[in-house]
Each structure stands twice: as structure tokens, then as C-alpha cells.
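Please open the model in your viewer and keep the selection tool at hand. The stops below move from the sheet to the charged pairs around it.

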Amino acid sequence: MANTIEVKDLLDAGVHFGHLTRKWDPNMAPYIYMERNGIHIINLYKTTAKLDEAKDALRKIAASGRKILFVATKKQAKDIVADLAGDAGMPYITERWPGGMLTNFVTIRKAVKKMATVDRMKKDGRYETLSKKERLQVDRMRAKLEKNLGSISEMTRMPAALFIVDTVREHIAVAEALKLGIPIFAMVDTNANPRDIDYVIPSNDDASKSIEIIVKAATNAVKEGLEERKTEAGDDQPKEKKEKKAKKAKKAVASSEEEE
């Protein structure tokens with residue numbers, strides 16, 4: 001697979017630094033290499049193996065045309081995720097997780113439709129017929145919705161998977177995905193429980209360099225999947241054209257026979 005990440009790359013980014021030993025989750029023991037100065041050190045060989053596994057699955061999801069929702073609301077992760085997920089054409093949430101985002105998706109879609117309604121009002125002139133006070137209220141509502149739901153405004157159906165940075169912080173997102181059986185990809189630090197995560201990527205989820213290298217690897221895999229989808233679509237076009245030409249030829253032969 002392209003864009004292979006070596007252990008040295010992860011080491012340089014500080015992916016191996018876990019939490020204080022007293023804050024660990026025993027379920028992370030298989031992914032811990034050692035303890036140093038009261039801090040758990042993550043086994044980066046296991047991280048690379050798990051990352052490759054996650055990348056392969058993400059590539060396949062993207063190639064199928066489905067969406068992966070990226071979730072990261074912590075300060076050091078939000079800008080990184082917004083840039084990388086946005087560049088890959090995937091939806092993301094970097095502000096507060098809206099309760100019921102998945103389990104009450106219909107309500108979330110209604111909120112998104114409100115944004116679309118305001119946009120239409122501005123285009124067709126109805127917005128200008130409102131009073132100054134009403135316009136201010138509409139603008140505030142639109143700005144608030146944009147802040148919380150802007151990046152998912154075009155997500156018309158449930159995501160095929162979630163990619164989460166810090167499962168402890170995003171526990172509500174994890175719980176909703178589990179309830180609905182949506183696969184979870186996640187950066188899991190030594191203080192988190194990996195048991196509920198489908199694709200565990202043992203890694204430091206606090207340092208910006210660590211977050212960037214893992215999320216970039218994930219979004220690159222998504223891009224690969226999208227490219228595969230484009231290529232397959234391109235390969236199918238000539239076949240369709242050939243079929244159309246064959247049909248036209250058959251019609252021409254049939255019409256000529258009738259004339260005779």
C-alpha cells in the first residue's frame with residue numbers, strides 16, 4: 001500500500017507516549033511496550049500493524065462510495081481534522097458532539113434543512129423582506145447551526161464508519177455508534193478501553209504531531225479509495241459506450257431489413 005508509515009516516523013511524531021501509569025486502562029496492556037518515568041510507552045510495531053489494517057478498511061469504505069465521519073473536538077486536534085478530512089471530502093465534527101447525531105439522525109437532518117432554507121431565502125429575496133431584527137435572528141441561528149453542523153450539511157445518510165480522536169472525550173459518539181452497529185476507527189491512548197473499538201490504533205491522542213501523522217495516514221487511505229472509485233467508473237464508461245453502439249448497429253440492421 002502507498003504512503004506506508006515506518007516506526008521511525010511514528011517515533012519522531014511522539015506517537016509512542018502514553019499516559020501516566022496510574023491513569024492506564026488494563027485493557028490496553030497488549031499494546032504497551034514498557035513503562036518509563038511513570039509513563040506508559042506504546043508498542044509502535046503494533047501501532048503500525050493496526051494502522052495498516054485500519055487504512056485498508058478505510059480505503060475499501062471510500063471506494064464503495066460511502067462516507068466516514070471524523071470526530072475530534074479537543075483543541076489540539078480540531079484544526080488538523082478539519083483540514084485533512086475536509087481535503088479528503090469527508091464530513092467531520094470538531095465542535096461539540098450534537099447529542100443524537102446518529103441515534104436521532106432525522107432531527108439532525110431537520111436542523112441542516114433549516115440552514116438550507118435560510119440560504120434559499122437569501123437567494124430568492126425573501127430574506128430582504130424581513131425586518132432588521134428578524135434578519136439578525138435568522139443570521140444568528142444560521143451561524144450557530146453552521147458552527148455545529150456545517151461540515152455535515154451535505155451528509156444525507158448515516159455514515160458508514162466513524163474515525164475518532166480520543167475515545168474517552170468522545171464517549172457519547174462511541175456509545176451512539178455502538179448502539180447502531182456503526183464501525184469505529186480510533187486513536188486509542190493508554191487511558192482508554194479498546195474493547196468497544198473495531199479498529200484500534202494505539203497512539204498518543206494528545207500531541208498535535210501524533211494526531212496529524214495518524215489522521216493524515218487515514219485520510220490518505222480515504223483518498224486512495226476515492227481514486228480507485230474514479231478509475232473503476234472510468235473503466236466502466238467504454239463498456240457502456242460499446243453496448244450503446246452495439247444496440248444502434250442492431251437497430252440499423254433491423255430497419256434496413258424491414259425496408260428490403
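In what order do the five strands of the open sheet lie? In this predicted model, the order is β5-β4-β6-β7-β8, and the pairing is parallel. Select residues 92–93 and 199–202 to see the edge strands, β5 and β8, each of which pairs on one side only.

Next, select residues 161–165 and 184–188, which are strands β6 and β7, paired in the parallel sense over four bridges; here Phe163 has Phe185 of β7 as its bridge partner.

Within helix α2, select Glu53 and Lys50, which lie three residues apart, about one turn of the helix, and form a salt bridge whose closest N and O atoms are 4.0 Å apart. Glu53 counts as partly exposed because its relative accessibility is 39%, and Lys50, at 25%, is partly exposed as well.

For a contrasting stop, select Asp205 and Lys74, which are both buried and form a salt bridge with the closest N and O atoms 3.7 Å apart. This pair links distant parts of the chain, 131 residues apart, with Asp205 in the loop between β8 and α7 and Lys74 in the loop between β4 and α3.

Finally, select Asp119 and Arg142, whose salt bridge has its closest N and O atoms 3.0 Å apart, and which links helix α4 to helix α5. Asp119 is partly exposed at 31% relative accessibility, whereas Arg142, at 16%, is buried.

Technical notes. Residues numbered from 1 in each chain as written. Predicted model: local features only at pLDDT ≥ 70, side-chain atom pairs only at ≥ 80, totals over all residues. Heavy atoms only, no water. Pairing = 2+ DSSP bridges. Helix = DSSP H or I, 4+ residues; strand = E, 2+ residues; numbered from the N terminus. Salt bridge = Lys/Arg side-chain N within 4 Å of Asp/Glu carboxyl O. Buried < 20%, exposed > 50% of the residue type's maximum accessible area, 1.4 Å probe, protein only.
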